[in-house]
Structure formats: structure tokens, C-alpha cells
Amino acid sequence: MSFAMLEHLTEALLFPELKEYWFVSYVGLVMVIIGEVIRKLAVVTAGRSFTHVIRIHYEDQHKLITHGVYRLMRHPGYSGFLIWAVGTQVMLCNPLSTVAFTLVLWRFFSKRIPYEEFFLRQFFGREYEEYAQKVHSGLPFIE
């Protein structure tokens with residue numbers, strides 16, 4: 001975020017015309033809204049099953065959520081966050097931060113998703129395997 005702020009201020013002072021692409025800013029705003037809606041739908045749909053910490057021990061209230069937005073993607077919270085975060089940088093017309101946010105977040109999720117799914121497969125076995133075969137992760141190039 002500090003890099004993004006520095007980029008925005010530097011470009012606004014040195015190259016103010018870079019910040020006047022209103023169409024690009026509107027595309028970013030749409031991305032922010034879409035990302036926020038997807039993430040909120042993930043949180044509301046999963047209810048108590050949604051956490052920010054990957055669970056490594058099965059708990060009785062732990063349920064595999066496959067309805068709602070989870071019918072369309074296995075990790076809508078991550079997908080929504082990626083779209084939202086990249087959208088903030090598109091909206092600010094920050095080309096360097098757009099690329100940086102995309103790469104850093106994709107790399108983070110490309111490591112986190114397999115780790116999380118290792119435990120989901122242990123908790124839910126065949127049920128999760130079948131779900132994972134039918135439903136995409138929700139992030140490009142991450143199965």
C-alpha cells in the first residue's frame with residue numbers, strides 16, 4: 001500500500017496526465033465493486049465456516065459449503081479480494097502497482113490455496129475431491 005501511495009503521488013506530481021484516464025478509473029471502480037460483492041457473498045454464504053485463519057483441525061461445526069457463490073468457485077473470498085485489490089490500483093491509474101498487486105496476490109494465493117485444500121481434503125475426503133473436480137478455484141492458473 002505504501003508503494004501504491006508513493007506511485008500515485010509521484011505520478012500525480014510529475015505526470016498528472018496519467019491520472020486523467022477516467023474510463024480506466026471507472027473500470028477500476030467496477031472491479032472494486034464486483035470484488036467486494038463476491039467477497040461479501042462468500043462471507044455471508046459460508047457464515048461461521050468463513051475464517052481468515054486456515055483450520056488445520058476438524059471441528060464439529062465445520063461444513064463444506066458448496067451452494068451460493070461457492071457453486072461458481074471454490075475460493076470466492078480470495079477471488080473477490082484479488083479483484084478488489086487490483087481494482088483499487090486500476091481505479092487510481094497506478095500501472096506499476098496494478099502489476100505488482102496482481103503478481104504478489106496471485107503468488108500468495110497460489111501457495112495458500114493448495115495448503116488450505118490439503119486440509120479440506122482431509123476433513124471432507126471424497127466429497128471435497130468431487131467438488132474440486134467440478135468447480136474451479138476462482139483464480140486464474142490455480143487449480
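1. A word on classes before we start: Ala, Val, Leu, Ile, Met, Phe, Trp, Tyr, Cys and Pro count as nonpolar, Asp, Glu, Lys and Arg as charged, and the others, Gly among them, as polar. With that in hand, the lining of the largest pocket divides into 18 nonpolar, six polar and six charged residues.

2. Please keep in mind that this is a predicted model, where local features need pLDDT of at least 70 and side-chain atom pairs count only at pLDDT 80 or more, while totals for chains, interfaces and linings use all residues. Residues are numbered from 1 along each chain as its sequence is written, and side-chain values use heavy atoms, with hydrogens and water left out.

3. Back to the pocket (on a 1 Å grid over the protein atoms alone, an open set of points where a 1.4 Å probe fits, with protein on both sides within 12 Å along at least five of seven lines; lining residues have an atom within 4 Å of a point). The largest pocket holds about 560 Å³ of space, a volume being the space filled by probe spheres set on the grid points, which are joined across faces, edges and corners. Of its 30 lining residues, S49, T51, H75, Y78 and E116 lie nearest the centre. Helix α4 gives the most to this lining, with 10 residues. Helices here are DSSP runs (H or I, at least four residues), numbered from the N terminus.

4. Among the buried residues of α2 are G28, V32 and G35, where buried means under 20% relative accessible area, exposed over 50% and partly exposed in between (1.4 Å probe, protein chains only). The buried residues of α2 pack against α3 (76-91), with contact meaning heavy atoms within 4.5 Å. After α2 comes G47, whose phi is positive, near 60°.

5. What about aromatics? The whole structure has 10 aromatic pairs (ring centres of Phe, Tyr and Trp, the last by its six-membered ring, within 6.5 Å; planes under 30 degrees apart are stacked, over 60 edge-to-face, the rest tilted). Y115 and F119 form an edge-to-face pair, 5.1 Å centre to centre with 80° between the planes. Both lie in helix α4 (residues 95-134), four residues apart. Y115 counts as partly exposed because its relative accessibility is 44%, whereas F119, at 12%, counts as buried.

Conventions: Helices (H or I, at least four residues) and strands (E, at least two) are DSSP runs, numbered from the N terminus.
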